[in-house]
Amino acid sequence: MKVVVAGVGAFGQKHLDALQKIDGVEVASIVGRQIAPTQEVAKKYGIAHATTQLSEALSQPNVNAVILCTPTQLHAQQAIQCMKAGKHVQVEIPLADSWKDAEAVEQLQRLTGLVCMVGHTRRFNPSHQWVRKKILAGELKIQQMDVQTYFFRRTNMNALGKPRSWTDHLLWHHACHTVDLFQYQTGEAASVARAVQGPMHPELRIAMDMSIQLKVPSGAICTLSLSFNNDGPLGTFFRYICDNGTYIARYDDLVDGKDNKIDVSKVDVSMNGIELQDREFFAAIQGKREPNGSIQQILPAMRTLDTLEKSLV
């Protein structure tokens with residue numbers, strides 16, 4: 001199966017690393033904003049074709065699928081472009097930065113029948129899979145998820161320390177991870193969703209701090225704190241407060257409420273959430289089935305983000 005990877009910055013290269021571990025998948029082309037650094041990445045990974053034009057990559061022989069790791073603002077229109085070209089597509093989170101654009105992508109997927117999956121990696125991280133298996137087995141019920149998403153991004157730099165060509169967003173990007181995970185783990189859409197934001201950055205013109213509250217009909221709540229102002233420890237930390245124990249997920253590590261480590265190495269075939277996500281994408285294409293993280297499954301998260309945006313004060 002031949003795939004195009006569009007966007008070869010920090011996250012695009014995580015996908016390229018993951019794809020090297022999946023048998024039967026070949027990267028036919030990569031797409032970047034500037035040709036010279038894109039060619040450097042192609043050389044690093046042994047990829048024959050590099051371009052700055054998505055349309056050129058889509059026209060390469062026998063391309064089946066596309067993984068979009070481009071700026072958030074391009075996700076919806078490029079997903080539509082890929083499906084109109086007859087390609088299956090995995091869109092890195094978020095699917096879009098508006099409810100209207102998310103709906104447009106979903107409508108086209110229904111028309112084409114192509115696989116359209118969104119990269120909600122938390123669904124695949126073994127730590128969160130372990131909790132989900134317990135929930136599905138009836139051994140746990142979430143009372144509250146308490147989540148912190150913290151970065152230090154007072155300048156417009158990416159994870160590799162290089163200038164970004166676009167502006168990141170706490171709500172439509174980083175909150176999207178947790179909003180989807182909370183609704184996925186509880187199996188319910190939020191019936192209450194509200195948010196407050198801190199001061200706007202004078203140049204980036206985005207809120208640098210945000211607080212979100214969610215509640216689902218069964219009564220479980222989620223409290224999410226986000227910041228681009230946090231100078232140390234960085235990342236996202238999840239605390240599951242359940243009726244039968246407390247569990248804390250820090251990336252691929254999981255501990256209980258007493259800080260005892262839980263072995264999640266046997267939960268899936270890899271400890272790499274991106275690899276597991278990509279494996280699901282290709283398995284869904286080959287099996288002609290809906291993937292975990294399909295556009296229909298993640299649409300409730302997009303609707304909740306729209307509600308949150310309208311509630312911001």
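Colleague: In this predicted model, which strands does helix 9 lie across, and at about what angle does helix 9 run to strand 8?
Modeller: In the predicted model, helix 9 lies across strand 8 and strand 9 (209-215). The direction of helix 9 is compared with that of strand 8, and the angle is about 50°.

Colleague: In what order do the seven strands of the open sheet come?
Modeller: The pairing in this open sheet is mixed. Its edge strands are strand 8 (192-197) and strand 13 (253-256), each of which pairs on one side only. Neighbouring strands are turned by 10° against each other on average, direction ignored. The order is 8-9-10-7-11-12-13.

Colleague: Which strands of the sheet does helix 6 touch?
Modeller: Helix 6 (residues 126-136) packs on the sheet, and its direction makes about 50° with that of strand 13. The strands touched by helix 6 are strand 7, strand 11, strand 12 and strand 13.

Colleague: Do strand 7 and strand 10 run parallel or antiparallel?
Modeller: Strand 7 (residues 142-150) is joined to strand 10 (residues 221-227) by seven bridges.

Colleague: How many bridges join strand 7 to strand 11?
Modeller: Strand 7 and strand 11 run antiparallel. Isoleucine 142 has its bridge partner in strand 11, namely cysteine 242. The number of bridges is eight.

Colleague: Through how many residues does the hairpin join strand 11 to strand 12?
Modeller: Strand 11 pairs with strand 12 (residues 245-250) in the antiparallel sense, over six bridges. Phenylalanine 238 is bridged to alanine 249 of strand 12. The hairpin between strand 11 and strand 12 goes through two residues.

Colleague: Is strand 11 mostly covered or mostly exposed?
Modeller: Strand 11 spans residues 235-242, eight residues in total. Of these, six are buried. Strand 11 is therefore, with buried taken as under 20% relative accessible area, mostly covered.

Colleague: Why are helix 7 and helix 9 oblique to each other?
Modeller: Helix 7 (residues 170-186) and helix 9 (residues 295-311) have axes that come within 9 Å. Roughly perpendicular covers 65 to 115 degrees and roughly antiparallel starts over 145. Helix 7 and helix 9 are oblique because their axes cross at roughly 125°.

Colleague: What is the handedness of that crossing, in which helix 7 passes helix 9?
Modeller: Among the residues in contact are Trp172 and Val179 of helix 7 and Ile298 and Leu305 of helix 9. By class, the contact has 11 nonpolar, three polar and three charged residues. Helix 7 passes helix 9 in a crossing that is right-handed.

Colleague: How are helix 5 and helix 9 oriented to each other?
Modeller: The axes of helix 5 and helix 9 come within 10 Å and cross at roughly 165°. Helix 5 passes helix 9 in a left-handed crossing. Residues that meet there include Trp99 and Arg110 in helix 5 and Leu299 and Asp306 in helix 9. An angle over 145 degrees counts as antiparallel, so the orientation is roughly antiparallel.

Colleague: At what angle do helix 4 and helix 5 pack?
Modeller: Helix 4 (residues 75-84) and helix 5 (residues 99-112) have their axes 9 Å apart. Helix 4 is roughly parallel to helix 5. The contact includes Ile80 and Met83 of helix 4 and Val105 and Leu108 of helix 5. The angle is about 10°.

How values were computed:
Residues numbered from 1 in each chain as written. Predicted model: local features only at pLDDT ≥ 70, side-chain atom pairs only at ≥ 80, totals over all residues. Heavy atoms only, no water. Axes fitted to C-alpha atoms, helices over the stretch in contact; angles between N-to-C directions. Helix = DSSP H or I, 4+ residues; strand = E, 2+ residues; numbered from the N terminus. Parallel < 35°, antiparallel > 145°, perpendicular 65-115°, else oblique. Left-handed = near helix turned anticlockwise from the far one by under 90°. Contact = heavy atoms within 4.5 Å. Nonpolar A, V, L, I, M, F, W, Y, C, P; charged D, E, K, R; others polar. Buried < 20%, exposed > 50% of the residue type's maximum accessible area, 1.4 Å probe, protein only. Pairing = 2+ DSSP bridges.
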